[in-house]
Amino acid sequence: MLELQNVTKVFKPRRRPSVTAVDNVSLKVSPREFLVITGRSGCGKTSLLNVMAGLARPTSGKVFIDGMDIWSLDDRQLSALRKEKIGFMFQVPSLIPVLNIVENVMVPTMFTTGRRRLNAYDRAKKALADVGLSHKMESFPRQLSGGEEKRAIIARAIVDEPPSLVADEPTANLDELTEKEIMALLQRIHQAGTTIVLVTHHPSLIGYGTRHLTMSDGKLPE
Amino acid sequence: MNLLRLVSRSITGRKLRSALIVLFITLLAGLMLSSTLVLRGMVSGLQTGMERLGADIIMVPIRGWEPALAKGALLASDLVIGFWMPKENLDKVGGLEGVEQVSPQLCFRPPRDTPFSSTGFLYPVAFDPETDFTIQPWLAKKLDKPLGLREAIGGNCVTVPPDASMTLDGYQFDVVGKLLPTGMWLDEAIFFSFETAEAMMREPEIGSIIIPPDMPANSLSVIMVKVKNGYSIETVAMESMMAAPGTGAIRCAQIYRILYAQRAGLLKTLFASLGIVWGLAIMLTGLIFSLMVTERQREIGMLRAVGASRNFIFRMFLTESSSLGMGGAIIGVILGAIIVYATKSWLTSTLGIEFLVPSLLGLLALMVIVLVAALTVSLPALIYPAIRASRIDPAETLVKEI
C-alpha cells in the first residue's frame, strides 16, 4: 500500500553543510500493518514520515501510495490523495487555537467532496466519541490536557476513516499512564483495519506494533 | 466547516489583532476620503465661484487694491472695509462703451462670534438688487418680490432663526432668502439693499460694531463690472481706472489664477503627503499580514497535510486579509465623511480655506471611488502574504522548532 523506492532526502540549509536526512531508503508497508520505526533524535524519522506521506518531496527516489507515484501528481491531486488515504498525527501541537475541539476535528472534512461532507459534524462527533472526548466538544485547545490534546488530534486524523495513519512521536511529552492510553487507542484503531506507521524514539512502544524497524543516520535496513 | 467559517473564526478568535488591523485601515481610508473631500471641495469652490461670479472686473478703492490682490480674496470684501470710493464712480464706469453692466456694493464691518453664522463670522453687505448679477444668481429659491426694507438674503452659513428674524448690532432684519453654498466668503455674508443700509445708518441706537465711524456718505466699497462681448477685459479695466481715479481694477480671471496657484501649492503638498502616507501604510499593512502568515505557519502546514491545496491556503489568507481590509475601509470612509461634514465650519475658519462639499449622491459616489481605490492600491499588500502562505513547505512547519 505504501512503498518507498530508493528514497533520499537531502536538506541544504543556507551557509551550512547539506544534511542527508533519509539515505536511499526502500520500504514497503502492507495494509493493516502497524509499523513502529524507532531511532534516536535526529536520525531522520520525521523526514521519512513526511516523504512517505507526500508532505516533503524526496531529493531522489519514488513514493507510491496504492500503486500511484505520488510525486507525478500536481498539487491539487496530491492534496486530494493525502486527504483520501492518510491521516496525520504531528509531533508538534497542531490544533487551531481559535476553533473549538469539534471544529478542529471537522477541519479535514472541508476537503471532502460529495455527500460525505454533509454529515461532517456527525462524523466529528463519532470520532471524538471513539477517542473518549465527547465531553470536550465545545472546549478550546488551551483548555485540554496534553493527553486530551493528543486524543483530539487522533480524532481529527480518523474523522474521514482514512486507510492509513502516520503518527510522529504521538506520546511525546506525556506521562507514562497517558502514553499507555494513547497507544491503546492507536491499537484499537489498528484493530479496526487502519494501517499505522508510527515513529518514536521510545523503545517501549515497539511492542504495540506488528513490525519494528530501527532507523539510524537516515538509513533504514529492511 | 468551510473556508468562510474558518476565516470568520480566525478573525473573531484573534480579536485584538483583528481590531488593530481594522482600526489601522479605518484611519487610512478615513484620511484618504476626508483629504479627497477637502481637496476636491477647494477646487470645486473655486470653479463654481468663477462660473457663477458673473463679474469680469471688480473695481475697488486703490488703497484696498494691493491687499485684495495679494490675498486673492475673490470679491475683496473684508479687505476693502475701511476703504471707500465716491458713489459717482458707478456712473463713470457704467458709462464706458465696453461695459455691459455695473452693480455697487458697500461692505460693513463683520461682527465677530455672532450666533447667526455657523462659522462665527458674518459679513454685512449692502447691494443694489435691481442691478445685481453676482449675488442673486446664487439664491436657492428665487424671491417672490424684490428685496424690501429690513429684508435680507443670507449666505449658506448664516443661521436663520425659525421666525426668520435676526438682530444685527441692534438692527432687525427679516431673512427672506438664502444662497446656495458657494465655497467663498458669500457663505458667511448677509445682503440687504442700499435703502436698508441708509435706514440702518440713520438709526440712533445702532452701535458702531458694523458701521465704521469714518465711513463717508454716498460711498461704495466695490463696483462689480460685466464687460460686453467682444470687448477686451484688459482694455475696459484700464479705461475704468482712468474714468474713476483712485480706484483699482481687479480682473477676476487674475484672482482665480492667484487663488488657484495658492491652493495648487497646498494641493500639491497635501497630495504628496497623502501619497507618502499611503505608500508607508501599504508597506506596513503588507508587513502586518506577512507576520500573520509567519505566526500561523504550523496551522498552514497542518491544513496542507490534511488535504488543503495551495490554492485553498491562498484563498483563505486573501479572504481573511480582504475582509479585514474591506471592513476597515468601509468604516473609514463613513467616518471620514461624517468628520468632514461635521467640522466643515471649523475647517473653514481655522485653516482659512473654503470648500464645497458634494451632494449626497456625489458623496456616495466619491466614497465608492475612494473605497475601490483604497482596496486596489492595497491589493499587493493583501496578495503577497497570501501567496507566501500558499508556498510554505508543510514539512518544514511541522518540526519541533520554527
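Predicted model: local features only at pLDDT ≥ 70, side-chain atom pairs only at ≥ 80, totals over all residues.
**Where the chains touch**

Let's start with the contact between the two chains. Chain A puts in 26 residues and chain B puts in 21 residues. On the chain A side, three helices each supply at least two of the residues that touch chain B: H1 (45-52), H2 (75-85) and H3 (101-106). Of the elements on that side, H2(A) gives the most, with six residues. If you sort the chain A side by class, you get 15 nonpolar, six polar and five charged residues.

**Helix packing in chain B**

Now for chain B, where helix H9 (residues 310-342) packs with helix H1 (residues 3-13) and also with helix H11 (residues 360-377). Two packed helices are described by the angle between their axes and the distance between the axes. Here are those values for the two pairs.

| Helix pair | Angle between axes | Distance between axes |
|---|---|---|
| H1(B) and H9(B) | about 50 degrees | 10 Å |
| H9(B) and H11(B) | about 145 degrees | 10 Å |

With H1(B) and H9(B) packing at about 50 degrees, H1(B) is therefore oblique to H9(B). H1(B) passes H9(B) in a right-handed crossing. From H1(B), the residues making this contact are Leu3(B), Leu6(B), Val7(B), Ser10(B) and Ile11(B), and they meet Arg315(B), Met316(B), Thr319(B), Glu320(B), Ser323(B) and Leu324(B) of H9(B).

What about H9(B) and H11(B)? Their crossing is right-handed. On the H9(B) side you'll find Gly325(B), Met326(B), Ala329(B), Ile330(B), Val333(B) and Ala337(B). Facing them in H11(B) are Leu363(B), Met367(B), Val370(B), Leu371(B), Ala374(B) and Leu375(B).

**Strand pairing in chain A**

Back in chain A, strand E1 (residues 2-11) pairs with strand E2 (residues 19-29) and is also joined to strand E4 (residues 60-65). E1(A) and E2(A) run antiparallel, with seven bridges between them. Look for Leu4(A) opposite Leu27(A) in E2(A). E1(A) and E4(A) are antiparallel too, and five bridges join them. Which residue in E4(A) is the bridge partner of Leu2(A)? That partner is Ile65(A).

Definitions and conventions. Residues numbered from 1 in each chain as written. Chains lettered and ligands numbered in written order. Contact = placed C-beta atoms within 7 Å. Helix = DSSP H or I, 4+ residues; strand = E, 2+ residues; numbered from the N terminus. Nonpolar A, V, L, I, M, F, W, Y, C, P; charged D, E, K, R; others polar. Axes fitted to C-alpha atoms, helices over the stretch in contact; angles between N-to-C directions. Parallel < 35°, antiparallel > 145°, perpendicular 65-115°, else oblique. Left-handed = near helix turned anticlockwise from the far one by under 90°. Pairing = 2+ DSSP bridges.
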